[in-house]
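Here are some notes for a first reading of this model. Please keep the structure in view while going through the points.

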Amino acid sequence: MRRERVFMDDKNEPLISYYLYNQGSDNRPERERMKRILSRAIKHELTDRQRDCLVKYYLEGMQMKEIAQSMQLSNSTVSRHISAATRKLRKIASYYERYN
C-alpha cells in the first residue's frame, strides 16, 4: 500500500500536530540524555584550552578575536581549538547515537 505524502500547511497543521503528539514523537528524554553525555564529554574529553574557547564562543557569545585577546592567543589558534573541540563532541555524540 502506497502512502500519500502529506505536507504541513495551514489546513492540515493541527491534524499533523495531534497525530505526532499522540504517536509519542516527543524526544525530550533523548535530548536530555544527549545533554548529559555532552556535558560529561566537555568536562572530561576536552583540553582546558578547548573547553575555555568553546565556552567563551558558544555560551558567552564572545567573538574569536575577543577570545584570542583575552587568552593571549592568535585568532587561528582559537579557531583551531574550537574546531577540534567541536569535532570531538560530534564524534562522541555520533558514537552514542549509533551504539546506545
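1. A nonpolar core is a set of buried Ala, Val, Leu, Ile, Met, Phe, Trp, Tyr and Cys residues joined through side-chain atoms within 4.5 Å; buried means under 20% relative accessible area and exposed over 50%, with a 1.4 Å probe and protein chains only. The largest such core has 14 residues, and Cys-53, Leu-54 and Val-78 have the most contacts inside it. H2, H3 (48–59), H4 (64–71) and H5 (75–99) each supply at least two of its residues. The largest share, five residues, comes from H5.

2. On the source: this is a predicted model, in which local features need pLDDT of at least 70 and side-chain atom pairs count only at pLDDT 80 or more, while totals for chains, interfaces and linings use all residues. Residues are numbered from 1 along each chain as its sequence is written, and side-chain values use heavy atoms, leaving out hydrogens and water.

3. Helices are DSSP runs (H or I, at least four residues), numbered from the N terminus. In H2, the buried residues include Met-34, Ile-37 and Ala-41. Seen down the axis of H2, its buried residues fall within an arc of 60° (taken from the directions from the helix axis to the C-beta atoms), so they line one face of the helix. Pro-29, Lys-35 and Lys-43 are exposed on the other side of H2.

4. Which residues does Val-78 touch, not counting those up to four places away in sequence? They are Cys-53, Met-64, Ile-67, Ala-68 and Leu-73, where contact means heavy atoms within 4.5 Å.
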